[in-house]
Amino acid sequence: MSWTPREEKVWQDIENWEARYFTYEPTDFEMTYERWINGQLERMNPGVIEKLNQAIDTSLFHIHSFIQNSRQQMDLRQRLLTGARTFREDIETIEDMKRCTVDQLAFIAEQQIARNRLLSLAQGGLSGTGGLLFLGVDIPALITIQVRSVQYIAMNYGYDIDRPSEMMMSLKVFHAATQPKRYQAESWRQLLEEIQRERDPLFYEGDDTVADLSWMSYPLKQGIKGMAIMLLRKKIVQGIPLFGIAFGAGMNYQQTRTITEFAHKFYQKRFLLEKRG
């Protein structure tokens, strides 16, 4: 099946984005920061790193299970289908979303993406107050928001995350989007190869490991953010730690923006590849 002129345009936009996004030239600060991160990881015992990776994998699966069984996820699924029916009345299941045009799906996706970015902004603002409770729940809350965002985008383009194969794919997309920039081009290529190798749409046949050494910089960055917030909470304006709130909100928003952009481009490209057959 050939693409429409509009689909050709979207494909070209994705390729232009790939050329910009994966052309990575780190600044001096980023290079210094990456060297510091790598130095910290190299000092860690390999056995400890392996246990941490296993713990992170388990945590991600628990987060997925929590999202999947939440009332909010059920409401989100229904809102997604209802939104799609404004364009086509024959939408009954998540897989039916593929009957919509790429522009219609992008319109629906961008509305929820905007909501999740604002939710991430609010979460970062709360953690930025420097309260121990808010800082303690910041990482799991932020990961939940980001994983949910990726899974919503997947469902938006007709990939039901209730299926084990799509659940694993969504977690791998999240993992790729949160890796250090220098690893992301290779992860993007591997994701595209994996969907082309897919044989059974129900059961996942690939590597079911999500976290690895390259991803360890993500929790380390979150830890550094927490320490920065603890320092900034002492800078109070009229009794409010405005600098900490602004820092926490900005960091969370920017991270979620990057992740949702990465996921949106990936699922758009997958949708177009399947449509062309």
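Trainee: Where should I start with a single side chain: is leucine 133 buried or exposed, and what is its relative accessible area?

Mentor: Leucine 133 is exposed, because its relative accessible area is 63% and the cut-off for that word is over 50%. Please keep in mind that this is a predicted model. The residue has its place in helix 6.

Trainee: Which residues form a nonpolar patch on the surface, and how much accessible area do they have together?

Mentor: In general, nonpolar side chains in soluble globular proteins tend to be buried together. In this structure, however, Leu126, Leu133, Phe134 and Val137 form a nonpolar patch on the surface, and together they have about 350 Å² of accessible area. Helix 6, which covers residues 132–156, gives the most to this patch, with 3 residues.

Trainee: What does valine 173 touch, if residues up to four places away in sequence are not counted?

Mentor: With those neighbours left out, valine 173 touches Val150, Leu191, Phe262, Ala263, Phe266 and Tyr267.

Trainee: How do I check the length of a helix, and what span should helix 10 have?

Mentor: The expected span is 1.5 Å times one less than the number of residues. The 35 residues of helix 10 should therefore span 51 Å, and the end C-alpha atoms are 50 Å apart, which agrees. Just after helix 10, glycine 277 takes a positive phi of about 80°. The check can be repeated on helix 9, whose 16 residues should span 22 Å and whose end C-alpha atoms are 22 Å apart, which again agrees.

Trainee: How many salt bridges does the structure hold, and which residue forms one with arginine 163?

Mentor: The structure holds 18 salt bridges. Arginine 163 forms one with glutamate 95, with the closest N and O atoms 3.4 Å apart. Arginine 163 lies in the loop between helix 6 and helix 7, and glutamate 95 in the loop between helix 4 and helix 5, so the pair ties together parts that are 68 residues apart in sequence. Arginine 163 is partly exposed, with a relative accessible area of 29%, and glutamate 95 is partly exposed as well, with 28%.

Trainee: What about lysine 225 and aspartate 138: how far apart are N and O in their salt bridge, and is lysine 225 buried or exposed?

Mentor: The side chains of lysine 225 and aspartate 138 meet at 2.7 Å, N to O. This pair links distant parts of the chain, with lysine 225 in helix 9 (residues 217–232) and aspartate 138 in helix 6, 87 residues apart. Lysine 225 is buried, with a relative accessible area of 2%, and aspartate 138 is buried, with 3%.

Trainee: Which residues do salt bridges that share partners join into one network?

Mentor: Arg88, Asp90, Asp96 and Arg99 are joined into one network in that way. Within this group, the side chains of arginine 99 and aspartate 90 meet at 3.3 Å, N to O. Arginine 99 is partly exposed, with a relative accessible area of 40%, and aspartate 90 is partly exposed, with 32%.

Key
Residues numbered from 1 in each chain as written. Predicted model: local features only at pLDDT ≥ 70, side-chain atom pairs only at ≥ 80, totals over all residues. Heavy atoms only, no water. Patch = residues over 30% accessible without salt bridge, like charges linked within 9 Å, V, L, I, M, F, W, Y side chains within 5 Å. Areas by Shrake-Rupley, 256 points an atom, 1.4 Å probe, with all protein chains shown as cover. Salt bridge = Lys/Arg side-chain N within 4 Å of Asp/Glu carboxyl O. Helix = DSSP H or I, 4+ residues; strand = E, 2+ residues; numbered from the N terminus. Buried < 20%, exposed > 50% of the residue type's maximum accessible area, 1.4 Å probe, protein only. Contact = heavy atoms within 4.5 Å.
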